[in-house]
Amino acid sequence: MTSYVLTFSCLDRPGIVAKVTSLIAQHSGNITSAQQFNDPATGRFFMRVVFDMANVETFSASLSSIAQELSFDWRMRDVAKRKRVLILVSKFDHCLLDLLYRVRIGELRMDVVSVVSNHSRESLKLSNLHGATFHHLPITRSTKLDQELQLRNLIEETGADFVILARYMQILSDSMAQWLEGRCINIHHSFLPGFKGARPYHQAHERGVKMIGATAHFVTGDLDEGPIIAQNVEPITHRDTPAMLIAKGRAIEQRVLASAVGALIEDRVFLNGRRTVVFD
């Protein structure tokens, strides 16, 4: 038996679950996990099913006919097949190193195919990338489009399923963001909406906030406005200095990004207009 994960969405109507689960049973499949969500705001239905099956080819053919009948978008993959991820990073490497560590200990089951930075590896002091290649793609205002072309070629050459901006402090062009739509996520050092732009923790300190946070979201052409995947916050007090806020912020960014990446590589994230559906 091989384990598969099936995800699909469509306009909500009666009998969707019955059709899919009955089909799995008819092909001698065994469901080990199933989650569903009916969104009354959009009228759409979302479902994620994990099941064991010996012969998935005939099942897939039958599922295609049901998908055509119900007009739903669906994807199915072998659970054992790891997602391929490319990570972009700039000067601050704490999120990158945290992701690599979680991959190394088996917490995040993905293959980091490449790490790309607009800073050199020597300046970042990266010693062990655990098998991932490193590419230095410097960027200036005049070379931005050429750099993004190099990046696009690298994404295609490595076969990356997703791109992670792990504190990559460059704004992607509209065309690049559109090309990566639905497969690129960013970690933002704020509990959006919040203190955007430069020195966010200093802004927070000046305003005397009592809580800071981080947001992981899909990248779109609208800066830091993409559908949100994960967020977290931490209380602070008047005793916290900007340096203390930065330290706490790094930890929040690490765990929020790891949470979002984990959901993404396990096919638990669905785009739902400007929002997301994220199953546990």
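**View 1. Ser28 in the loop between α1 (16-26) and β2 (30-39)****.** Ser28 is placed in the loop that lies between α1 (16-26) and β2 (30-39); helices (H or I, at least four residues) and strands (E, at least two) are DSSP runs, numbered from the N terminus. The model is predicted: local features need pLDDT of at least 70, side-chain atom pairs count only at pLDDT 80 or more, and totals for chains, interfaces and linings use all residues. Residues are numbered from 1 along each chain as its sequence is written, and side-chain values use heavy atoms, with hydrogens and water left out. Although Ser28 is not a glycine, its phi is positive, at about 60°. Ser28 counts as exposed because its relative accessibility is 55% (buried means under 20% relative accessible area, exposed over 50%, partly exposed in between; 1.4 Å probe, protein chains only).

**View 2. Packing of α1 against helix α2 (residues 56-70)****.** The axes of α1 and α2 are 10 Å apart and meet at an angle of about 170°; axes are lines fitted to C-alpha atoms, for helices over the stretch in contact, and angles run from 0 to 180 degrees between N-to-C directions. The two helices α1 and α2 are therefore roughly antiparallel (under 35 degrees counts as roughly parallel, over 145 as roughly antiparallel, 65 to 115 as roughly perpendicular and the rest as oblique). From α1, Ile16, Lys19, Leu23 and Ile24 meet Phe59, Ser62, Leu63, Ile66, Glu69 and Leu70 of α2, where contact means heavy atoms within 4.5 Å.

View 3. Asn118 counts as buried, with 13% relative accessibility. The side chains of Asn118 and Ser90 are joined by a polar contact of 2.8 Å (a pair of N or O atoms within 3.5 Å; within protein, one must be able to donate a hydrogen and the other to accept it, and residues adjacent in sequence count only if both atoms are side-chain atoms). Leaving aside residues up to four places away in sequence, Asn118 touches Val89, Ser90, His136, Leu137, Pro138, Ile139, Tyr168 and Gln170.

View 4. Asp267 is buried, at 13% relative accessible area. Strands β12 (residues 269-272) and β13 (residues 275-278) pair in the antiparallel sense over four bridges; pairing requires that DSSP finds at least two bridges between two strands. Asn272 stands opposite Arg275 in β13.
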